[in-house]
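Dear colleague,

I am handing over the structure below, and my notes on what was found in it follow directly after.

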Amino acid sequence: MAKVLLTGSAVFIGFHLTQHLLSKNYEVIGIDEINDYYDTNLKLDRLKELGINNPELNIFVGSENSNFIFCKGCTDNRQLIETIFEEHKFDYVI
């Protein structure tokens, strides 16, 4: 099973790509800061569809789908990115 790091997993394209990858049995680590550039309620609803019920409580949240882990954060957070790469080995980074 291939493992993918996907940025922007709560926005339109990232959400749909996450759904597609999960349907193909990829393991996905999704990152999104859930800022207010787009409607945050829409982003939270998309994450709920992916099995993430409360991304605000923790930086890393496992979902109801065992192949998806969500990380609330921004890609310019160097410490966060280093932690992700220390804990996971990826086949693809998108």
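Is Phe90 buried or exposed? At a relative accessibility of 18%, Phe90 counts as buried, where buried means under 20% relative accessible area, exposed over 50% and partly exposed in between, with a 1.4 Å probe and protein chains only.

Please keep in mind that this is a predicted model, in which local features need pLDDT of at least 70 and side-chain atom pairs count only at pLDDT 80 or more, while totals for chains, interfaces and linings use all residues. Residues are numbered from 1 along each chain as its sequence is written, and side-chain values use heavy atoms, with hydrogens and water left out.

Aromatic pairs come to 3 in number, a pair being rings of Phe, Tyr and Trp (its six-membered ring) with centres within 6.5 Å, and planes under 30 degrees apart counting as stacked, over 60 as edge-to-face and the rest as tilted. The rings of Tyr26 and Tyr92 have centres 6.5 Å apart and planes at 55°, so this pair is tilted. Phe90 forms an edge-to-face pair with Phe85, at 5.3 Å centre to centre and 70° between the planes, and Phe85 is partly exposed at 36%.

Finally, a search of the whole structure finds 0 disulfides (pairs of cysteine sulfur atoms within 2.5 Å); Cys71 is buried at 0%, whereas Cys74 is partly exposed at 22%.

Best wishes
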